[in-house]
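Subject: Structure handover

Hello,

Here is the structure I said I would pass on. My notes on it follow below.

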Amino acid sequence: MLSIGIQLSVKDFNLVLTRPMPVFVGYIAQYVFKPLLGLIVVKAFDVPAAFASGFLLTASVAGAQLASYASYLSGGDIALSIILTSLSTVSSVVITPLLTWLLIGSVVPVNGIAIAKSILQIVLCPVMFGLILNTYAKRVVDVIRPIMPLTAMICTSMCIGSPLAFNRAQVLSLEGLQLLIPVIVFHLAAFASGFWVAILPALSFDEKSIKTLSLCTGMQSSTLAGLLAVQFLGGTQAVPAACSVVVMAVLGLSLASFWGNGNSFSAVIKRFTDRLSSLVSLTDGTVDLSTSDSCKGAF
């Protein structure tokens, strides 16, 4: 988060506040589309009862702080990601218990004070400190900037690996391995739904907002879901969250790197269609050659 903060300026946040629609759309995507996708996947893959509640809980928690780092890698709107993640996390005190009551049939209470403290420690304080450094101490930023990517990579790897290590026995069990496909499908559908909603012509979002909304929809605070599952639903219900941490990180950071390297889905589709057209033209040319007068004479 500090590595993100030193890239930001006050102007970035002012731009987001003057365009509230992306925040609203991202919030709806996180707390409406994603829980519905979780319910569809659980039903479609007939997820065992030992994991179903944990799966639905994972689909109902707030956005992941890692989404801000992914937005940074993708060249997206980092300020939008931070505001959206903070808003969804703060409101999870009310929204997550409500969703679990609707989807699971039981209320999973969320400790609002602990969540607020987590947001301050993990997201807001480091980002604001980096913003202050970038505004008033650019010489310091110039010194620490070269080492920040490596530091961020190490910290991110530890955040991803620790939940997996704590639940390694359940994850490596036969039932745990059977969760892999549903979890992958869930996250792929979440990334796709965030992307397709963001590109609706009626919304007219810019490219940065589209990338950010897709990443924020596909990535949620699976670590929080795991902690809540252990505390209120039982240890086995934390397995979906543990699998989700890894899948979310791999898919989200891969997508962010894909975008960060200057690629886009429209460009990939265009290249594919161009090559397909070339093959069709080549095939047509072969057919034309075989039916030409010279070929007839040869036969």
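Before the helix pairs, one convention: an axis here is a line fitted to C-alpha atoms, for a helix over the stretch in contact, and angles run from 0 to 180 degrees between N-to-C directions. Please also keep in mind that this is a predicted model.

Helices H12 and H15

H15 covers residues 239-260, and its axis comes within 9 Å of the axis of H12, with a crossing angle of roughly 40 degrees. Angles under 35 degrees would count as roughly parallel and those from 65 to 115 as roughly perpendicular, so H12 is oblique to H15. The crossing of H12 with H15 is right-handed.

On the H12 side, the contact is made by Leu180, Val183, Ile184, His187, Leu188, Phe191 and Phe195. H15 contributes Pro240, Cys243, Ser244, Val247, Met248, Leu251, Gly252, Leu255 and Trp259. Sorted by class, the contact of H12 with H15 holds 13 nonpolar and three polar residues, and no charged ones.

Helices H3 and H4

For H3 and H4, the axes come within 8 Å and the crossing angle is roughly 160 degrees. The cut-off for roughly antiparallel is over 145 degrees, and H3 and H4 are therefore roughly antiparallel to each other. H3 passes H4 in a crossing that is right-handed.

Where H3 and H4 meet, H3 supplies Gly38, Leu39, Val41 and Val42, while H4 supplies Ala52, Phe55 and Leu56. The contact of H3 with H4 comprises six nonpolar residues, one polar residue and no charged residue.

Positive phi in loops

With a relative accessible area of 64%, aspartate 46 is exposed, because the cut-off for exposed is over 50%.

Serine 204 is another residue other than glycine with a positive phi, here near 55 degrees. Serine 204 sits in the loop between helix H12 (180-198) and helix H13 (207-218). Is serine 204 buried or exposed? The relative accessible area of serine 204 is 61%, so serine 204 is exposed.

Regards

Methods
Residues numbered from 1 in each chain as written. Predicted model: local features only at pLDDT ≥ 70, side-chain atom pairs only at ≥ 80, totals over all residues. Heavy atoms only, no water. Buried < 20%, exposed > 50% of the residue type's maximum accessible area, 1.4 Å probe, protein only. Helix = DSSP H or I, 4+ residues; strand = E, 2+ residues; numbered from the N terminus. Left-handed = near helix turned anticlockwise from the far one by under 90°. Contact = heavy atoms within 4.5 Å. Nonpolar A, V, L, I, M, F, W, Y, C, P; charged D, E, K, R; others polar.
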